[in-house]
Amino acid sequence: MPSERLTVRTGSDVGRFPGAAPPTRVELTIQKEGDKKQEEGGCRRWLRKMCPCCCKRQNSTSYDVTDKVEMVKPPAPAPSPAPEPAKPKVENGEAKEMEEIKLSVQSVDLLSSKTGQNRQEHHTDLFHGDELIIRRGQTFQIELELNRPFSADTDKLHLDLKTGPLPMVSKGTHVIIPLVDHLEDERWEAKIVEQSGNKVKLSVNSPANAVIGLYGLSVTISSQKGEATTTHNSSKNIIMLFNPWCEEDTVFLDDEEERKEYVLNDIGRLYYGTEKQIGARTWNYGQFHEGILDACLFILEKSDMPPSGRGDPVNVVRVISAMINAQDDFGVLVGNWSGDYSDGVSPAAWSSSVEILRKYHSSTGTPVSYGQCWVFSGVTTTVLRCLGVPARSVTNFQSAHDTDVSLTTDVYFDENMDPIDYLNSDSVWNFHVWNDCWMARPDLPPGNGGWQAVDSTPQETSQGTFRCGPASINAIRSGQVYLKHDTPFVFAEVNSDKIYWQKNLDGTFSQVHSEKKAVGHCISTKAVGSDERADITHLYKHPEGSEEERIAVETASRYGSKPDVYSTPMAEDVTVEVKMDGEGPRMGADAKLSIFVKNQSSQPRRTTLHSQVAVMYYTGVLKGAIKKEQIPVELLPNEEKTIEWILPYQQYQNQLVDQAALMMTLSGRVSETQQVLASQTTFRLRTPDLNITPLGEAVVGKEMAAKITFTNPLPRTLKGVVFRVEGLGLQKGHEVVVGDVGGHSTVTLTEHFIPTQPGPRKLVASLDCKQLTQVHGVADIVVLEQ
């Protein structure tokens, strides 16, 4: 095949080209472009515009790159965007004159129009009004008008953002934003992106863990010598929200349709009635309505939560759970189940959160009368969606209220089987409405991120305050009630057994009957994208009566106030352990693990192991199960068995997310002793390394080369492959667009560079593409003096 010569400009602003041409075997020579400006692909510009959080900025570059790439013809670069404006030329005399005119800010434009770039890119254009409402972890633009042109040679500039009554740098509530040449992710920084006369446009970046809330902005200008400081305070504030569109934010939700439903949809459905007669009503959440964002920020202020704690959604959700009810903190709604609502509004009369929140705000915090569970839930959904936390209202039918943390619903009878009313404080509600909210849980073991239950209806206190959650639904499902917050209470609501107790003549009580399917039916929420009802019972509990469900119930009860309700195992002499060979399974091949089951007793043992494997994000959020099976095991006395477990490549090839992590959960019960077996193992599919081989002698000022090779481990084509190469003291970071790489194909590229610093150096390279992550390599190079 004839070779083709193409020019590819180096520079990390070259993007990914999803519509790359089909692979052809070509020789590709990349020529040095000198100091020409790099060009950015049209697709990348579009992607950055549509979703700037996901399309990261990269540092600009300078040196030449690949000498030879075997495999793929990269796509031709798209037309160049308008070049960045050059800094105004300043002659010596003119510089002196400019120094004499003290630079000051005349005005600040936050570019906060609903139809402008900031609000559109940050998905805040639905909010009422023209305030600058942004989401953390994403860039935004502001424009400064100065009294003369800004000169980087003589002038210095930084921004200050302050939130809360006592802003402090150490608490993250006073942010000093420096002016830099290149923006990097995960930090507060600003960069000049346009300069025209006296006007300067800045692009400002925030980290994904920034404190949310209301910020005041000021601009401070001084000379390079540190003299003549002037500060201008913006007349408008900036409102920072959580960002479900940003991968680094702990509330990141990786599904656009779900984001539209659980963050942007301002109308929903609430379910009530009984499991056999489920009723539905429309509820107006109205999170974008005039005054609602102000009301939500007011609730945060009134909670007395330190502003420094508002960067953690776990804290924020817990505080909101407490503040929606008025029980002990003059929160939003007064609960009333008496039937007499004459001095307020009947709970059944509300159909919107808007009037409730506006009334609470306009009265500067006078609780609104009255609410019951669906009203508390509807208002909670509004506040969480408004602040950027994905949320939904959830109804549980036959919902238990456990008052003594027994993890059971207890009914007491006297010797004649008449109910003992003063002891029967536990109850089962026909229905109860609470909320799910979505977030990673870095404070819990992996696998417990995702949907979290939170309940604002005042039922029981938690750490002295009427609130509940966030409780991991995965923890509830498996009976891990020792994980915070308030997991035992929610577990009892959806999966407690109803235990009947009779009083004995000596005053003690004996268990006389139990109902194992009495609570937690038809757990319902509005479906994504429609008004249909979605049944999500399976997220909260295993199928009723299954061994996994029974194991979860008994596991939970052992952490309650009546740990002996269920018979304890007669012996615990069987062990189960999961091991992997060497460094573990490799990407692109079948994943193989070994399950070791050992009988340490002198009697035979039988069990059935239930195994489930789920894909997991690096944050600990489970994406979903990809393989389930049951493994019967029979053990002779003192026997150890090894079960080879295999996950075929075909079963996971289309399911993986970044980091390629998987979680295996095993559970079972030994027939003879009733011992519960449980094990969770996290493993990842190992990706290949990039091999980097230095060529030639490494000497300061003398050109050398390095060969980088990569073999695609998958039997499928990798789309839009990009290499990034960098070496401090060797060459500046840059990108090489390779394009598509066929299944099991090998790519070789040769880097040419001139070392600039002597001593031990490292040349690092990484591969970026959607189907394969965490591929990188490094070469140690000792550079000699000339």
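Arg-136 and Asp-249 are both buried, where buried means under 20% relative accessible area, exposed means over 50% and partly exposed lies in between (1.4 Å probe, protein chains only). The two residues form a salt bridge whose closest N and O atoms are 2.7 Å apart; a salt bridge is a side-chain nitrogen of Lys or Arg within 4 Å of a carboxyl oxygen of Asp or Glu. The model is a predicted one, in which local features need pLDDT of at least 70 and side-chain atom pairs count only at pLDDT 80 or more, while totals for chains, interfaces and linings use all residues. Residues are numbered from 1 along each chain as its sequence is written, and side-chain values use heavy atoms, with hydrogens and water left out.

**Salt bridges**

- A search of the whole structure finds 29 salt bridges.
- Helices (H or I, at least four residues) and strands (E, at least two) are DSSP runs, numbered from the N terminus.
- Glu-549 and Arg-550 form another salt bridge, with 3.1 Å between the closest N and O atoms, and both residues are buried.
- Arg-606 and Glu-672 meet through their side chains in a salt bridge of 3.4 Å, N to O. This pair also links distant parts of the chain, 66 residues apart, with Arg-606 in strand β30 and Glu-672 in the loop between β33 and β34.
- Arg-606 counts as partly exposed because its relative accessibility is 43%, and Glu-672 is partly exposed with a relative accessible area of 28%.

**Charged surface**

- Asp-130, Glu-131, Glu-290 and Asp-294 form a negative surface patch. Patches are made of residues with over 30% relative accessible area and no salt bridge, with like charges joined within 9 Å and nonpolar side chains (Val, Leu, Ile, Met, Phe, Trp, Tyr) within 5 Å.
- Lys and Arg count as positive and Asp and Glu as negative, while His and the chain ends are not counted. The place of a charge is taken as NZ of Lys, CZ of Arg, CG of Asp or CD of Glu.
- Asp-294 sits in helix α5 (residues 292–302) and counts as partly exposed, at 35% relative accessibility.

**Aromatic pairs**

- The structure holds 16 aromatic pairs. Rings of Phe, Tyr and Trp (its six-membered ring) pair if their centres lie within 6.5 Å; planes under 30 degrees apart count as stacked, over 60 as edge-to-face and the rest as tilted.
- Trp-337 and Phe-376 are stacked, because their ring centres are 6.5 Å apart and their planes are at 20°. Trp-337 lies in the loop between β15 (333–335) and α7 (354–362) and Phe-376 in helix α8 (residues 373–387), so the pair ties together parts that are 39 residues apart in sequence.
- Trp-337 is partly exposed at 43% relative accessibility, whereas Phe-376 is buried at 0% relative accessible area.
- Tyr-482 and Tyr-559 make a tilted pair, because their ring centres are 4.9 Å apart and their planes are at 50°. Tyr-482 lies in the loop between α9 (473–478) and α10 (487–495) and Tyr-559 in the loop between α12 (547–557) and β28 (574–579), so this pair ties together parts that are 77 residues apart in sequence.
- Tyr-482 is partly exposed, with a relative accessible area of 46%, and Tyr-559 is partly exposed at 48%.
- Tyr-262, Trp-438 and Trp-451 are linked into a cluster by ring pairs.

**Backbone features**

- Ser-369 and Tyr-370 are joined by a cis peptide bond with omega at about 5°, and Tyr-370 lies in strand β16 (residues 368–371).
- Lys-484 and His-485 are also joined by a cis peptide bond, with omega at about 0°; His-485 is in the loop between α9 and α10.
- Leu-407 is a residue other than glycine with a positive phi, near 65°. Leu-407 is in the loop between β17 (391–401) and β18 (408–413) and is buried at 1% relative accessibility.

How values were computed:
Areas by Shrake-Rupley, 256 points an atom, 1.4 Å probe, with all protein chains shown as cover.
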